[in-house]
Amino acid sequence: MSSVHYGDPQIAIGLTFAVLALLLAAAFGVIAFQAGSEVGTQRVHDVGYWLRKRWLALLLVIGVLVVGISLFDLPFATGSGVGRTVVKVTGGQFFWSLSPGRVPVGSHVRFDVTSVDVNHGFGLYDPHGHLIGSVQAMPGYDNELDLNLTEAGVYQIRCLELCGLNHSTMESTFTVTRR
Amino acid sequence: MEAATTASPPVLHPRALAFTVEARGSERRIGLLFGATGVVLIAGMGVLGLIMRLTQATVISLSPAWFYRLLTLHGVGMITGALLATMGALWYVLHASVPLRTGRMLATYVVTIAGVLAVLVATLAGGFGAGWAFLPPLPFYPAGQWSVWSESLFFVGNLLVGAGFCVFCIDVLEQTTNTYGGLVRTLGWHYLRGREEKAPPPQAIAATVVAIDGLISCAVGSTILLGLLGRTYDHTVGIDALVAKNLVYFFGHSIANLTIYLAAAVVYVLVPRYAGRPYETTKVFVAGWTGSLVFIATAYSHHLYMDFVQPTWAGIVSEVASYGALLPVAVITIYSMTMLIWGSRYQWTLASTLLYIGFAGWAIGGVGAVIDSLIPINFRLHNTTWVVAHFHTYLILCVVVWAVAFLAHLLERDAGRTSSRAATAWTVALILVGGYGLTGTWFVEGALGIPRRYAIQPSGTSGYSIVGASFALLLALGFLSLFIQLITLARSAWERRHVYPLVVHMDSWTGTHYRTRVTSAESGAALEVARPVRRGVPLASHAQLGFGVAACIVALAAFFPQVINASEVSNRYHHLDHAGQFFLGAMAGLLLGSLPAVSRRFGDRSSLGLLMVLAAPMLMMLIMVPRIYEPLERDPFEHGLYHLAMAAFGLVTGLGATRLGLVTGRVMFILSVGMPLMFAAAMK
C-alpha cells in the first residue's frame, strides 16, 4: 500500500497539485508583502482589470483542454463485453464475493459489481498496492468496470464506501495467474 | 439606510471610514449569537476530529463503533457550525440595506440548535454511525450498532437543521427581492443588460444566489429525509439506491458548498474595511454570480462518478460545472479581493489577517477539488483521503477561518483594538503550519490510494496518521491561541460597553420598542430599520390567473378513477398520483390566495405563510407510506378522503406561498410541488 512508483498516475497528479499549491502560496505571499505598500487605486484598476481578462482567458483555455481531454478517457464500461471475462462481484456487510476468483494474466476483465445490502465501494489494488480503479457496489444496480489485467499476482480489494461498523476491514483478494 | 459615520474604531483602515457603517445593536447581537455558537460548535467538532486522527494513528484507542459515531457527529456538527456562523455573518452585513426580520433569525437559531441536539443524542446516546451523508439504505443496516429511534432522531435532526436554513433563506430571498424590485433586478440582470445604471450591492446579489440554491437544497434534502423517516415506521417502503444517492448528495454537497458562498458574501463587506477601498458591483460580478447560481446546483453529481449506471451525460455536466464553479471564484471573488488589497496599506489586524489567509485556503483547496472533479482522475482518487484533504483545506483554512474572522471583526470593533502583532503572527503561523500539514498529509495519503473513513488504517500506513495527527495538534494549538485572543478582545469590549449610550429603537418585525447600546455617533433615527413588506402575489395578472385555472383543470386527472387504478401497479406510480393530487391542491391554493379580494382579506401574514409552506408538504409526505394508506384503500370512502387530504395539504401549501410575495411565493410553490415528485422517484 505504501510503496511509491513515480510513474503512477496518482503520483503525477500529486506532484501537479503540489506545484500549483506552492505557486498559489507564493502568489499570496507576494500579495501580502505588497499589501503594506501604497499604490494608487486607479493604477491597481488599470493593471488589475487588464490582467484579469488574461487570467480568465487562461483559465478558460486550461478548462477546455483539461475537461476536453478527460472526456476521451472515461472509465465507464462500454459495449456488450464480448471477449471479456466477466467477474461477478457482490458486496455485503462485510464481505466481497468474486466469481471467478482468479483469471489468467492479460485478461480483459469486466467486473459486474452489485451489493446485497448497502452501498459499498469496490476498490482494486494491484500487487504493488496501487489503486488501479474503483466502482460503486449498489443494491439493485449492476455497475460494470472494465480493466485489462496485465500483471500477475494477488490483487487486493478494499471497500471504498462507508458501509458500517467493519468498513475498514472489508477486504478480499483476486488472483491473476501466470499463463 | 443608515448614514455613513466618522466614528468607527481605529482597527479599520482610515479610508474605510467614508463607506463603513456602524452596526446596529440587533446586528451585533445576532452576529455575536450566531458567530459565537457556530465557532463553539466548530471547536467541539474539531476536538472530535483530533480524537479520530489520533485513533487512526493508534495513539489512542477508540472502538470502530465509537469512531463512526464521532465521524457522523463531526460531519453534521461541523457543517451546522459553519452554517450558523456564516448565516449570522451574512445577516450582520446584509441587514444594513435589507430589512431582514430578527424574529425569523431567532427562529432559525432555535430550530437549528434543536436539530444539532437531536443529532447529538442520536449519535452519542443512540449509537447512530452511518456517516453524515447517511447514504441510503445504510441507516437501515445498523450491524447491531443503533436502533430505530436513533436513526429516526438523526433524520429529524437533519430535517430541523435544513428547516432552520430554509427559514433563513426564505427571509433573505423575500426581503432582497422586495427591496430591489424583483428577482431579475436583485440578481443584477437588468444592470447586466444595460437597462439600469445601478445594481444591488455585492452582498445582496450573493445572498440571493445562496438563498435560491439553499432553498433548492433544503427541498431536496427534506424529501429524502422524510422518505427515510417514513421507512423507519414502514419497512415495506423500498428505496431506489441511485435516486436516493442523488438526492442525498445534492443536499449534502450543496449545503456544505453554500457555507463558503455565504462567507464570500460577508467578505465582500469586511475586506474593503481593512483595505480602505469600497467594493462595488460590476457586470463581471453579476455574470459570475449568475454562473455560480447554476454551478452550485449542478456540480454535486461528481459524487456519483463511480456509479457507472448514472447517465454519462450527468457526469459530464457535473465535470463541466465543477470546473465552471472555479471561474467566478478565481476570477471574481479571490482575484477582486486581492486587487482590493494590493498596495492598499492593508490594515493588518487579527480579523483582517484571518480574512486574507482564507483566500489562500479556498484557492489551494479548490485546485485539489477541481483536479479530483476530472472523471479519469477521480477513478484513481474516489473516496481516498484526497477528498478529505481538499474539502478540509477549504473548510478549515477558509470557511472556519472566515467564521472566526467575522467574530474577531465584531469584537475588534467593539473593543476598539486588535490583538498584538506577535500573538496574531504566532497564531496564524500555527494555523497555517498545522492546517496545511494536516491536509497535506491527507493529499499524500490520497495519492497513494489510502481510503477515507477508515477507523483502522491499512497496515503499513499508520506513519501518515501519526504525521497528520501531529499537525492536527499544532492546528488545535493555533485555534486555542485564537480563542484566547477572542476572549481577551471580548473582555475589552465588555469593559467598553458603557462607552455606548442606551437608545430606544423600534423592532422592525414586531413594531415594539427596545433599548440598545449604540456608538455615540449613531442616531436613533438613522438606525431605524425599514419595515419588511410583501410585494405582489405569485399569480399577479389575469393571464397568470388563467394559467392557474388551466393547470388546475389538467391536474384534476389525478382524481380520475382510471388514473387512480392505473397508478396502483407500483408504489412509485401510486406516489406519483398523490403528487398530482397535491399539485392540484397547491395550484388551487395559489390561485385562491392570489385573487386580489382574498389576498387583501388575508393581509400580510408572512410568518403564517412560511409555516404553512414548510409544514404542509412535510406532513403530506410523512403520511405517504403504504402502512398508512393501504388500510384506507379497502374502503372507497376512506380512500377518497385520503386523496382529498393530499389535495388539502397542497391547498395549505399554495395559500401559504401566496403570503411570501411574488418571487419567494413562486419559488416555494415550485419546490413544494417538486418534493412529492422526487419522493415518488426515490421511494418505491
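Me: What share of the contacts in chain B with a separation of 6 or more is accounted for by residues 24 or more positions apart?
Reply: The model is predicted. In chain B, contacts with a separation of 6 or more include those between residues 24 or more positions apart. These account for 83%.

Me: How many helices does chain B have, and why is chain B described as being as compact as a globular protein of its length?
Reply: Chain B contains two strands along with its helices, which number 24. For 684 residues the globule rule gives 26 Å, and the radius of gyration of chain B is close to that, so the chain is as compact as a globular protein of that length. The radius of gyration is 25 Å.

Me: What percentage of the residues in chain B is buried?
Reply: The C-alpha trace of chain B spans about 80 × 65 × 45 Å along its principal axes. Of the 684 residues in the chain, the buried ones make up 63%.

Me: Which helix supplies the largest share of the side of chain B that touches chain A?
Reply: On chain B, 66 residues are in contact with 69 residues of chain A. Helices that each supply at least two residues of this side include α2 (64–94), α8 (241–275) and α10 (312–341) of chain B. The largest share is 12 residues, and it comes from α10(B).

Me: How many residues of the side of chain B that touches chain A are nonpolar?
Reply: That side of chain B has 13 polar residues and seven charged ones. The nonpolar residues number 46.

Me: In which hand does α7(B) pass α21(B)?
Reply: The axes of α7 (residues 202–233) and α21 (residues 606–622) of chain B come within 9 Å and cross at roughly 35 degrees. Ser222(B), Leu226(B), Leu229(B) and Gly230(B) of α7(B) make the contact with Met618(B), Met621(B) and Leu622(B) of α21(B). By class, five of the residues in this contact are nonpolar, two are polar and none is charged. The crossing is right-handed.

Me: Is Val11(B) buried or exposed?
Reply: Val11(B) lies in the segment before α1 (25–56) of chain B. Leaving aside residues up to four places away in sequence, Val11(B) touches Thr349(B), Glu412(B), Arg413(B), Arg417(B) and Thr418(B). A residue counts as buried at 20 or more other C-beta atoms within 10 Å. Val11(B) has 24 such atoms within 10 Å, so Val11(B) is buried.

Me: What distance separates the C-alpha atoms of Val11(B) and Trp348(B)?
Reply: Val11(B) and Trp348(B) are 337 residues apart along the chain. Their C-alpha atoms are separated by 8.8 Å.

Notes
Residues numbered from 1 in each chain as written. Chains lettered and ligands numbered in written order. Predicted model: local features only at pLDDT ≥ 70, side-chain atom pairs only at ≥ 80, totals over all residues. Helix = DSSP H or I, 4+ residues; strand = E, 2+ residues; numbered from the N terminus. Rg over C-alpha atoms; globule rule 2.2 N^0.38 Å. Buried ≥ 20, exposed ≤ 12 C-beta atoms within 10 Å, placed from the backbone. Contact = placed C-beta atoms within 7 Å. Nonpolar A, V, L, I, M, F, W, Y, C, P; charged D, E, K, R; others polar. Axes fitted to C-alpha atoms, helices over the stretch in contact; angles between N-to-C directions. Left-handed = near helix turned anticlockwise from the far one by under 90°.
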